[in-house]
Amino acid sequence: MFFDFEALPAADRYKLVVSTVVPRPVAWVVSQDEAGVLNAAPYSFFNALTDDPVVIAIGCGPRPDGARKDTLGNIRATGEFVVNLVNEATVERMNITAIDFGPEVNELEEAGLTTTASSKVKPPRITESPVALECKTFQLITVGHHTIVLGQVLAMHIADEAMLDVERKYVDTPKLGLVGRMHGRGWYARTTDRVEVPRIALKDWQSRKGE
């Protein structure tokens, strides 16, 4: 089937994209306003883009009524936030923080979560999350009614039990038990069903072809 995005309304383009670009990692963003009021919200328009510096991207859209979300307002005001990753043990509580609470409500408290002070930024990280990335704003890019937040990662926290070798920075990724966003309003994927496809070196490929 062919779909001309220039001829489709935004709602249809959204449905097609989120149903096919899967699984997507979830950025569980903790931010705070200038008065120190905390906010937590998940975003699945998210990924890591570069390694030097390490920059991640989050696509922040508006609320259903068109109002700006608290996360973006806080990031604009303070330039700091923490991206926590979601595992199967925390996915239900992450879902609670996705409720459209008012700005006066602490989503972390509603979800029964605790926080731990960050090392380089003011917003804390979610204690229950197996991975947390402390970020400062690198750039904000307006695209339609979305704002792409580019964040430079200043520090990372990884659960002790998921480190195979601290000196060599080897992570036991399967032990993190992370989940990814799938299609529809409530579907997620576990990362327990994996397949290894070793990368092929050019010389090995040429050898296979008899070159």
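Modeller: One term before we start: two strands pair if DSSP finds at least two bridges between them. Helices (H or I, at least four residues) and strands (E, at least two) are DSSP runs, numbered from the N terminus. This is a predicted model, where local features need pLDDT of at least 70, side-chain atom pairs count only at pLDDT 80 or more, and totals for chains, interfaces and linings use all residues. Residues are numbered from 1 along each chain as its sequence is written, and side-chain values use heavy atoms, with hydrogens and water left out.

Colleague: OK. What joins strand 1 to strand 13, and which way do they run?

Modeller: Two bridges join them, and they run antiparallel. Strand 13 covers residues 179-181. P25 has G180 of strand 13 as its bridge partner.

Colleague: Which sheet order includes them?

Modeller: The order is 1-13-14, an open sheet of three strands with antiparallel pairing. Strand 1 (24-25) and strand 14 (188-190) are the edge strands, each pairing on one side only.

Colleague: Switching topic. How do strand 4 and strand 5 pair?

Modeller: Antiparallel, over five bridges. Strand 4 is residues 46-51. The two strands form a hairpin, with two residues between them. A48 stands opposite I56 in strand 5.

Colleague: Now helix 2. Which of its residues are buried?

Modeller: Helix 2 spans residues 70-78, and its buried residues are D70, T71, L72, G73, N74 and I75. Buried means under 20% relative accessible area, exposed over 50%, partly exposed in between (1.4 Å probe, protein chains only).

Colleague: What follows helix 2?

Modeller: G79, with a positive phi, near 75 degrees.

Colleague: Zoom out. How many helices and strands are there in the protein chain?

Modeller: Six helices and 14 strands. The C-alpha trace spans about 65 × 50 × 30 Å along its principal axes. Of the 211 residues, 38% count as buried.

Colleague: What share of the contacts comes from residues 24 or more positions apart?

Modeller: 58%, taking contacts in the protein chain with a separation of 6 or more.

Colleague: Last one. How many positive and negative side chains?

Modeller: 23 positive and 28 negative. Lys and Arg count as positive and Asp and Glu as negative; His and the chain ends are not counted. The centres of the two sets lie 4 Å apart, with each charge placed at NZ of Lys, CZ of Arg, CG of Asp or CD of Glu.

Terms used: Contact means heavy atoms within 4.5 Å.
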